[in-house]
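This briefing goes through one protein model with its ligand. Please look over the sequence and the structure before reading the points below.

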Amino acid sequence: MKFSITSKGNAQSNALMHKIRTYLQDFGLTYDESQPDIVISVGGDGTLLYAFHRYSSRLDKTAFVGIHTGHLGFYADWVPDEIEKLVIAIAKTPYQVVEYPTLEVIIRYQHGGKETRYLALNESTVKCVEGTLVMDIEIKGLHFERFRGDGLCVSTPSGSTAYNKALGGAIIHPSLQAIQLAEMASINNKVFRTIGSPLILPSHHTCTLKPVRDQDFMITIDHLTLLHKDVKSIQFRVANEKIRFARFRPLPFWTRVHDSFIADKDQ
Ligand code: NAP
Ligand code: MN
């Protein structure tokens, strides 16, 4: 089996990375950064997001596992004290794979330029470069509302505990093939009206944003922020690609939510 390790880059994560690499090679596994069967992320959620994007072209052939050395580590199930246990598990036991949905974002441009397609693990957000974002929102090709406000956030179920949660969105179990659209500070008065509630869409529905006046937007894909000019539309839906996590022991999603947001383990 071939593995690679992505580190957050701080001293603790780098030291762990070297230790794990040596242990796994001692067990006869091969270090291969270009075509790993398993990718070990050492750091936090940011590190796992980075690893996801690094290997996004071979998601069907790669399983991810996270070790957290940081604060939260929502995607990272293992702590540094457990690495001997984890190394033995990786080397010796066949692991289960759980799949989580990802988000497909397709940006189309005025003047027929080439469209761009992205995959997000957490979310994509859209904001204006300056002033209020004004967007027509279509769901399944039908006009839903004209949004005015700070921005819009479309998240995956596993990303629903990230930016989406700060916007008052629901936490969605990642076994549901869905995406969630959440508002950022919409303008609501007797002239302008939006639904106000986050919307959860099934996998066969697309959500498309169409600019009303500006055409330049700051669009994030997870930790990546890019300025897109002359945008004609931004389309979101559940992607065909999934992220695969290697599971060596059960860690229910709701336990992870509890441990991350309510109290540490055993409380
Ligand atoms: P960051 O500024 O370090 O991330 C912000 C926090 O979100 C960190 O504590 C991070 O955990 C945590 N996080 C990331 N994904 C999560 C998830 N799926 N569930 C729960 N918490 C999660 O930047 P980053 O590490 O590069 O992460 C980028 C993400 O930051 C974006 O995808 C977005 O979701 C989030 N973000 C949140 C807000 C907000 O809540 N207002 C604003 C901007 C961006 P770690 O410390 O383990 O990395
Ligand atoms: Mn981070």
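**Ligand site and domains**

Around ligand 1 there are 19 residues, of which Gly44, Asp45, Gly46, Ala162 and His223 come nearest; a residue is near a molecule or strand if its C-beta atom, placed from the backbone, lies within 6 Å of it. This is a predicted model, in which local features need pLDDT of at least 70 and side-chain atom pairs count only at pLDDT 80 or more, while totals for chains, interfaces and linings use all residues. Residues are numbered from 1 along each chain as its sequence is written, and chains are lettered from A and ligands numbered from 1 in the order in which they are written.

**Shell around ligand 1**

- Helix 2 (45-54) and helix 4 (163-166) each give at least two residues to the shell; helices (H or I, at least four residues) and strands (E, at least two) are DSSP runs, numbered from the N terminus.
- Helix 2 provides the largest share of the shell, three residues.
- The shell has six nonpolar, 10 polar and three charged residues, where Ala, Val, Leu, Ile, Met, Phe, Trp, Tyr, Cys and Pro count as nonpolar, Asp, Glu, Lys and Arg as charged, and the others, Gly among them, as polar.
- Domain 1 and domain 2 each supply at least three residues of this shell.

**Domains**

- The protein chain is divided into domain 1 (2-95 + 248-261) and domain 2 (102-241), with bounds that come from an automatic or database domain assignment.
- The C-alpha centres of domain 1 and domain 2 are 30 Å apart.
- In domain 1, 10 residues are in contact with 10 residues of domain 2, contact being C-beta atoms, placed from the backbone, within 7 Å.
- On the side of domain 1 that touches domain 2, helix 2 and helix 5 (253-261) are the elements that give two or more residues.
- Helix 2 gives the largest share of that side, four residues.
- The residues of that side of domain 1 are six nonpolar, four polar and no charged.

**Helix 2**

- Helix 2 is largely enclosed by the rest of the structure, because seven of its 10 residues are buried (20 or more other C-beta atoms within 10 Å of the residue's own, C-beta atoms being placed from the backbone).
- The buried residues of helix 2 are Asp45, Thr47, Leu48, Leu49, Tyr50, Ala51 and Phe52.
- Their cover includes strand 1 (2-7), strand 3 (38-43), strand 4 (63-68) and strand 15 (231-247).

Key:
A residue is buried if 20 or more other C-beta atoms lie within 10 Å of its own, exposed if 12 or fewer, and partly exposed in between; C-beta atoms are placed from the backbone. Two residues are in contact if their C-beta atoms, placed from the backbone, lie within 7 Å.
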